[in-house]
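Please read the following dialogue with the structure in view.

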Amino acid sequence: MKRKYEGNEARRTEEKRQCTASESVLNTWPRLYDKAFPHFKEPAEIGFFSYDEKRQYQRDRSQLRVFAPPDDRNTCNFDLRKGYSKMIKKDETVQTHLDGILHWIMKNKELLLVTPNKNLDKTEITKKELFHRHKYDFVCWRGLLTRLLCVPYENQEDLLVAVIYFRGTYYMCEFDTETKKKQKEKTTPKQEEMCAWGFKFEQYVTADKTGAVPNAELPVNTNAEFGSIVCSRLANHSLMFGAEVDCEDVNCKNGNNYVELKTSRIIESQRQYENFCRFKLLKWWAQSYVLGIPSIVCGFRDDNGVVKKLEDYSVSKIPRLVQAALKNPWRPTVCFNFLNEFLQFVKTNVTETSDRCVYVFKWQPGSPVTYQRHSKDTEFHFLPEWFFNWDAWDTVHESTERL
């Protein structure tokens with residue numbers, strides 16, 4: 001059955017939005033967003049790219065892995081610590097921000113053209129078809145959308161988002177907060193190793209091509225990555241975002257066949273199960289639902305990093321599972337209504353069209369979202385010069401030349 005992405009569209013009125021105290025702050029209380037699910041168009045993949053083992057950008061699917069689970073998912077013995085000393089790690093000091101998405105945009109201009117009004121005469125159409133901007137309101141990574149969807153229920157991690165309004169599009173990029181920077185500085189070797197366990201798990205349950213078998217003997221190389229470029233619409237906001245994809249299930253013939261892979265500690269008590277439902281399943285659901293991924297496979301591990309069993313989660317069924325487990329469950333409608341209001345908050349307040357102006361949105365649990373305007377001399381200026389100076393801007397595309 002086809003998944004439904006469209007709830008009963010909330011009626012829009014001319015009255016002031018209930019959720020904002022003013023135009024300069026955005027409140028995040030869940031009760032303000034517990035209303036009809038906003039229109040959310042089913043996500044559609046419009047492109048892809050890969051980064052190879054040397055972190056070189058490729059215009060292909062070469063790094064898309066194939067899901068290859070064991071025959072018996074209940075008696076696994078996957079040692080996630082295996083080969084850790086030989087792991088090849090991506091250089092995290094290199095800040096690429098939205099570069100992967102921007103490279104894709106520059107290679108796929110024809111997919112991003114704004115459709116002209118057919119009622120205009122040829123002269124007007126020619127003016128409209130100059131490539132002044134692309135057709136999406138927002139561009140970002142899926143990870144940021146996931147963070148925003150979870151904000152109404154987040155009680156620990158703060159958020160820092162930089163927004164640049166360039167040629168009619170809001171480019172959004174998440175930055176580390178001061179709290180996050182301090183946490184990274186205090187990371188222990190054991191914690192670093194545990195962060196690598198998810199990558200090793202992927203080796204145990206994926207292969208490089210259909211029909212092949214997993215090879216966990218090879219060292220993990222985090223440079224290699226497959227990225228999907230997706231478009232969607234939330235209420236009045238058109239979205240284009242990139243997302244790293246773990247693998248595909250070639251046996252899934254209908255719709256999106258991507259699979260999200262996760263690891264989690266074995267659950268041993270009711271309290272642990274409730275925390276799993278309240279926190280992890282919220283983030284997993286948001287991350288997968290916004291990309292249209294139908295299935296999550298979790299490897300449950302012990303404290304020594306050995307996966308003992310696999311469990312499948314249907315993304316569409318997670319909210320019902322959580323509702324049955326918790327007295328006060330998180331609600332999908334709250335998540336998407338908040339995201340909708342945040343995007344509108346950005347549109348309302350980011351008005352400077354200069355390519356050297358950055359708006360920085362900050363949020364801490366228990367406080368509203370606030371923002372500040374920054375000049376060009378700031379660490380938050382994440383769009384590169386080569387994108388600003390792209391020679392395709394303001395050129396006439398092929399359909400105009402044929403008029």
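This is a predicted model: local features need pLDDT of at least 70, side-chain atom pairs count only at pLDDT 80 or more; totals for chains, interfaces and linings use all residues.

Q: How many cavities of 30 Å³ or more does the structure hold?

A: On a 1 Å grid over the protein atoms alone, a cavity is a set of points where a 1.4 Å probe fits but cannot get out, whereas a pocket is an open set with protein on both sides within 12 Å along at least five of seven lines; lining residues have an atom within 4 Å of a point. Grid points are joined across faces, edges and corners, and a volume is the space filled by probe spheres set on the points. The structure holds 2 cavities of 30 Å³ or more.

Q: Which residues line the second largest cavity?

A: Among them are Leu148, Phe338, Phe342, Lys362 and Trp363. Helices (H or I, at least four residues) and strands (E, at least two) are DSSP runs, numbered from the N terminus. Strand E15 gives the largest share of this lining, 3 residues.

Q: How do the lining residues of the second largest cavity divide?

A: Ala, Val, Leu, Ile, Met, Phe, Trp, Tyr, Cys and Pro count as nonpolar, Asp, Glu, Lys and Arg as charged, and the others, Gly among them, as polar. This lining has 9 nonpolar residues, no polar and 1 charged. The lining of the largest cavity has 5 nonpolar, 1 polar and 3 charged.

Q: What volume has the second largest pocket?

A: About 620 Å³ of space lies in the second largest pocket. Of its 27 lining residues, Gln63, Arg65, Gln203, Asn221 and Ala224 are the closest to its centre.

Q: Where is Glu352 placed, and which residues does Glu352 touch?

A: Glu352 is in the loop between helix H9 (332–349) and strand E15 (358–363). Contact means heavy atoms within 4.5 Å. Not counting residues up to four places away in sequence, Glu352 touches Tyr165, Cys357, Tyr359 and Arg373. Glu352 and Tyr165 are 187 residues apart in sequence and 6.9 Å apart in space, C-alpha to C-alpha.

Notes:
Residues are numbered from 1 along each chain as its sequence is written. Side-chain values use heavy atoms; hydrogens and water are left out.
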